[in-house]
Amino acid sequence: MEKEDPLERLERLEREKQEKKLRRTGGTGGGSLQTVMYAMMAIAAVLAIALIYTLVSKGRLVKDLKAEKADLTEQIVALQSDYENLSSDYDMINAQLDSSREEIAQLVERVKKTEATNRSKIRQYEKELGTLRSIMRSYIVQIDSLNTLNHKLTVEAATARKEAATQKKRNEQLTHQVQDLSGRVSAGSVLKARGLKMDAYNSADKVTDKSNKVARLLVNLSLLENDIAERGPVRIYVRVTAPDGSLLQDGKGASFTFNGETLDATASREVDYEGKEVDLGIYVNNVQVFSKGVYTVQAYTTQSLLGSAELLLR
């Protein structure tokens, strides 16, 4: 075998080296262009995928927002129905209910006109819905409280009427007893009265029936004209009985004798009687507390029971 020339061997090795280098760098300029095209196609594919993902995500978000708006609308309409079904027997609460019904009707219209994608408005409407729910709960509490109070007052009124009937029966029995005793006295000389009544006054000197506002009581009556009755000073005594049956005291400790029995009086007043009709009033002061119920007043002279009356304090 012929031995290779050293110079030719170096040239051959150099050519092989260049060919290997050329193959590593893509061979030719046309190969480099092809590589760039592939790269651009890959980038385009990635962008297309990203665009599709964005559109799909946006579609899902819009769908979710529309579902959220529909749910909010449904809740508001349900609350509107609850407001329509809520009623009371109290004018003040009914007026407030009418105002809230108008407010929730306006909220329904605003929600319908608002795009589901307007998230700030939707959040605002959700807060308004929560407020209206809280207001409705407060209405329900008020109505329940007033109904409970009304029931309580109804029971108290029934109890007061029962007590008044019992007291009336007692008064009638006492009246019959007094009339029997008074028969021993000459009927023509005994003073009689009419128009006996008792009213309660507050600190502003206004008539009231509220027990916690009463400052004093005033008993009014008229002594009838009597030509044969004894002339001169005559003292009228009143006995005021509280709902529990106790006698009210004005702190003066007045008492009188009637048919041989000494009775305590709540208050008294002396008038000059000359046979003509006399109108007079007797105040009951210095009573610290007035309770609810029926109060009974009886007016006396030392000779007769002039009459009785009742007063209901709530």
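Below are a few questions with answers.

Reply: Heads-up: this is a predicted model, where local features need pLDDT of at least 70, side-chain atom pairs count only at pLDDT 80 or more, and totals for chains, interfaces and linings use all residues. Numbering runs from 1 along each chain as its sequence is written, and side-chain values use heavy atoms, with hydrogens and water left out.

Me: Which residue in β6 is the bridge partner of Val-238?

Reply: β3 (residues 232-241) and β6 pair in the antiparallel sense over seven bridges. Val-238 has as its bridge partner in β6 Ala-267.

Me: How many residues apart in sequence are the parts that Glu-277 and Arg-194 tie together?

Reply: Their side chains meet in a salt bridge (Lys or Arg side-chain nitrogen within 4 Å of an Asp or Glu carboxyl oxygen) at 2.5 Å, N to O. Glu-277 sits in the loop between β6 and β7 and Arg-194 in strand β1, so the parts they tie together are apart in sequence by 83 residues.

Me: How many salt bridges does a search of the whole structure find?

Reply: Another one joins Lys-276 and Glu-225 at 3.8 Å, N to O. The search of the whole structure gives a total of ten.

Technical notes
Pairing = 2+ DSSP bridges. Helix = DSSP H or I, 4+ residues; strand = E, 2+ residues; numbered from the N terminus.
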